Amino acid sequence: MSDYNSIFTGTEIDDTISLMKNGIELESGADLNTVFTPGWYYGLGTVSYSNIPIVSRNFVLCVFPSADGSSTGERVGQLFITTGYTSTASSTYPSALFVRGVRRTRSSSSGSYSYTTTGWTSLATSTDISSLSNDISSLEDKITSSSVPQYACGTLHFTSDGGDNADSYYKVINFVPSIIKIYYIGTSSSANAQLCTVLTPPSSYTSSSYTSVTTTWKGNKVVNGTIAQISKGTTYYWHPTGNVGYYIYEIMGYKETT
């Protein structure tokens, strides 16, 4: 067959129309990389083929030319459609769709062909969509019933290195804290704020005693501290300590509602 973007002969057009209408069975061992003639093909799950996305399933293959706009006639797109497992489709083995591009290159020295592909991309089936819908519903239920994002901010002032906050010994957090960001302002509150420390509160608390929080990132200034769980999921006391200076803190977490 001539290049797909050049002039077709009458026989080629007739052959292509016949393929599009009726399809042609691929022989055992056929390599899908080498199927370049536009048209419809089919394969049986009882026969082995090469470079297919799913083995042991009946399938239909649609080949269409110049899928990526190539003007050389050496590139095609392939749509692979399974029709079930071996001979029948079922809820356990639903039909599935895959698509890819194939490029055929001829060696100028030997005249042999080589093939490159984009790889098979799976397209969603009705079963996938139903499953995704259920997953989204489940996630929405979790978001609305078990946790709600929370945010709090405030200021810190340390008059000596390693000292306590000058305004209050501890800060009250009215939700489950998951991360604390600290911004250093300077020796006076008029300077520009710069992120200097990120604290990771503990994931669980065994009692109301204070537990150290972990510094996961720091700059020139350091703030540490401890957190106590006073009322699970509701009230936490944060006792910050830090280097001399003024700071702004941001606390992110979630509110337990169940």
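In the hairpin of S5 and S6, which residue takes a positive phi?

Author: That would be Gly 111, with a positive phi near 80 degrees. Bear in mind that this is a predicted model. The hairpin has six residues between its strands, S5 and S6.

Now for the strands themselves. S5 and strand S6 (residues 113-117) run antiparallel and are joined by five bridges.

Stepping back, the protein chain has two helices and 17 strands. Of its 258 residues, 31% count as buried. If you take contacts between residues at least 6 apart in sequence, 51% of them join residues at least 24 apart.

What about the inside? The largest nonpolar core has 19 residues, and those touching the most other members are Leu 156, Ile 180, Ile 182, Ile 227, Trp 238, Tyr 247 and Ile 251. Several strands each supply at least two residues of this core: S8 (147-158), S11 (176-186), S12 (194-200), S15 (223-231), S16 (235-242) and S17 (245-256). S11 gives the largest share, four residues. There is also a second, separate core of 17 residues, and Leu 32, Phe 36, Tyr 49 and Leu 61 are among them. As a rule, nonpolar side chains in soluble globular proteins tend to be buried together.

The outside has a nonpolar spot too. Tyr 169, Tyr 170, Val 172 and Tyr 210 form a patch on the surface, with about 380 Å² of accessible area together. Tyr 170 sits in the loop between strand S9 (163-164) and strand S10 (171-173). Tyr 170 counts as partly exposed because its relative accessibility is 33%, while the cut-off for buried is under 20% and for exposed over 50%. For the protein chain as a whole, the accessible surface comes to about 14500 Å², and 51% of that belongs to carbon and sulfur atoms.

Note on methods:
Residues are numbered from 1 along each chain as its sequence is written. This is a predicted model: local features need pLDDT of at least 70, side-chain atom pairs count only at pLDDT 80 or more; totals for chains, interfaces and linings use all residues. Side-chain values use heavy atoms; hydrogens and water are left out. Patches are made of residues with over 30% relative accessible area and no salt bridge: like charges are joined within 9 Å, nonpolar side chains (Val, Leu, Ile, Met, Phe, Trp, Tyr) within 5 Å. Accessible areas come from the Shrake-Rupley method with a 1.4 Å probe; for residues, only the protein chains shown count as cover. A salt bridge is a side-chain nitrogen of Lys or Arg within 4 Å of a carboxyl oxygen of Asp or Glu. Buried means under 20% relative accessible area, exposed over 50%, partly exposed in between (1.4 Å probe, protein chains only). A nonpolar core is a set of buried Ala, Val, Leu, Ile, Met, Phe, Trp, Tyr and Cys residues joined through side-chain atoms within 4.5 Å. Two strands pair if DSSP finds at least two bridges between them. Contact means heavy atoms within 4.5 Å.
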